[in-house]
Amino acid sequence: MVKVKNVEGHYKVPTGYSSWLNYWERVMNKAAVECQKNGCNEKKDLVGGHVHKVGDEDTINLVPICQEHNHYTITDEIS
């Protein structure tokens, strides 16, 4: 498993998408079903969270994550 951490900042949703989660679902061609943070099984209030791999702060990725865990001050690693 790849460990990631939340990224600080806000990013404009690309044109043609209603949210970052909508973008992720369409690009990945699957529905987001639960928060990707280990131990969290939240299925509601999901968003597309911007994260970076631990040790690689230059590359930003997108993962389905619940609102509770989607904040840059949360430093827990997500697998």
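Here are some friendly questions and answers on how terms are applied to this predicted model.

Q: Why is Asn-6 called buried?
A: Asn-6 has a relative accessible area of 7%, and buried means under 20%, so the label applies to Asn-6. This residue is found in strand β1, which covers residues 4-6.

Q: Why is Ser-79 called partly exposed?
A: The relative accessible area of Ser-79 is 24%. Buried would need a value under 20% and exposed one over 50%, so Ser-79, at 24%, falls in between and is called partly exposed. Its place is in the segment after β3.

Q: What makes the pairing of the Asn-6 side chain with the backbone oxygen of His-69 a polar contact?
A: A polar atom of the Asn-6 side chain lies 2.9 Å from that oxygen, and the cut-off is 3.5 Å, so the pair counts as a polar contact. The side chain of Asn-6 also reaches the backbone oxygen of His-71, at 3.0 Å; this too is within 3.5 Å, so the conclusion carries over.

Q: Which residues is Asn-6 in contact with, leaving aside its neighbours within four places in sequence?
A: Among them are His-50, Val-51 and His-52, as well as Ile-65, Tyr-72 and Ile-74.

Q: Which residues of α1 are buried, and what covers them?
A: The buried ones are Trp-20, Leu-21, Asn-22 and Trp-24. Their cover includes β2 and β3.

Q: How do you know that Ser-19 caps the N-terminal end of α1?
A: A side-chain oxygen of Ser-19 lies 3.4 Å from the backbone nitrogen of Leu-21. The limit for a polar contact is 3.5 Å, so this pair qualifies. Just after α1, Asn-29 takes a positive phi of about 60°.

Terms used
Residues are numbered from 1 along each chain as its sequence is written. This is a predicted model: local features need pLDDT of at least 70, side-chain atom pairs count only at pLDDT 80 or more; totals for chains, interfaces and linings use all residues. Side-chain values use heavy atoms; hydrogens and water are left out. Helices (H or I, at least four residues) and strands (E, at least two) are DSSP runs, numbered from the N terminus. Buried means under 20% relative accessible area, exposed over 50%, partly exposed in between (1.4 Å probe, protein chains only). A polar contact is a pair of N or O atoms within 3.5 Å; within protein, one must be able to donate a hydrogen and the other to accept it, and residues adjacent in sequence count only if both atoms are side-chain atoms. Contact means heavy atoms within 4.5 Å.
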